[in-house]
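Please look through the strands of the sheet and how they pair.

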Amino acid sequence: MTEAPASPSPAAVPAAVAAPCPQCLKPQALCVCAGITPIANRVGLLVLQHPQEQDVELGSARLAACHLKNAVFKIGLSWPSLGKALGRTADPKAWAVLYLGSAKPTANSGEVVALDRKGNPAADQAKALSRLEGVIVLDGTWSQAKALWWRNAWMLKCKRIALNPHHMSLYGKLRKEPRRDGLSTLEAAALLLAHLEGKPEIQTTMLDGFRRMLDAYRASKAPKVTV
Ligand SMILES: [Zn+2]
């Protein structure tokens, strides 16, 4: 029995279009999965990504989920319920969504601010932020995130949180962030979970992975030096 000739021949596949990493879906040059040990987070993370968010190279949403054992990453526009988005039973009242509306954190508020129904900081922050089962972060441009918000009515039942980060995004000038808090999806998730669990190491670990990805990105764009 003769074997059919391999098609396409390996020479026809340039390295630049080699298969992306199956986990983070980034080009191999930008993949930092090998250095990630997923964290056993108590507060769950649900990332909902708009189907048209296409920043494969600099996007951080999938990388955020790769850092966590208790995380679900979904691409789509709408789900009939939180449970359907998560793939398991869940009470939306025990979850919080990172709010897109105009929160007005006061100068002395913390980095994570629970909001009331009117978008003002909740009177009892500790109570509003306690016993949350998980947080939902919408990934996409400002208008894409807004579309996700309006198409998923069950989010109205969730608690709302705004961020008031004390540090700038690690993106620097690499990318304009549409969110008002200025953070990438990974940075927002890291700040939220570290605060809600009282474990700063969650943020440290996730930011470390993000920094390595950005370093790899900058290295991949740097002019090649031939010796
Ligand atoms: Zn990867």
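Strand β1 (residues 44-49) runs parallel to β5, the two being paired over six bridges. Strands here are DSSP runs of E with at least two residues, helices are runs of H or I with at least four, and both are numbered from the N terminus. Two strands count as paired if DSSP finds at least two bridges between them. This is a predicted model, in which local features need pLDDT of at least 70 and side-chain atom pairs count only at pLDDT 80 or more, while totals for chains, interfaces and linings use all residues. Residues are numbered from 1 along each chain as its sequence is written.

Strand β3 (residues 95-98) is parallel to β5 and joined to it by three bridges.

Is β5 buried or exposed? Six of the six residues of β5 (residues 134-139) are buried, so this strand is largely enclosed by the rest of the structure. A residue is buried if 20 or more other C-beta atoms, placed from the backbone, lie within 10 Å of its own, exposed if 12 or fewer do, and partly exposed in between. In a regular strand, side chains alternate between the two faces of the sheet. In β5, Gly134, Ile136 and Leu138 are buried on one side, and Val135, Val137 and Asp139 are buried on the other.

The six strands form an open sheet with mixed pairing, in the order β2-β1-β5-β3-β6-β4. Its edge strands, β2 (71-75) and β4 (112-115), each pair on one side only.
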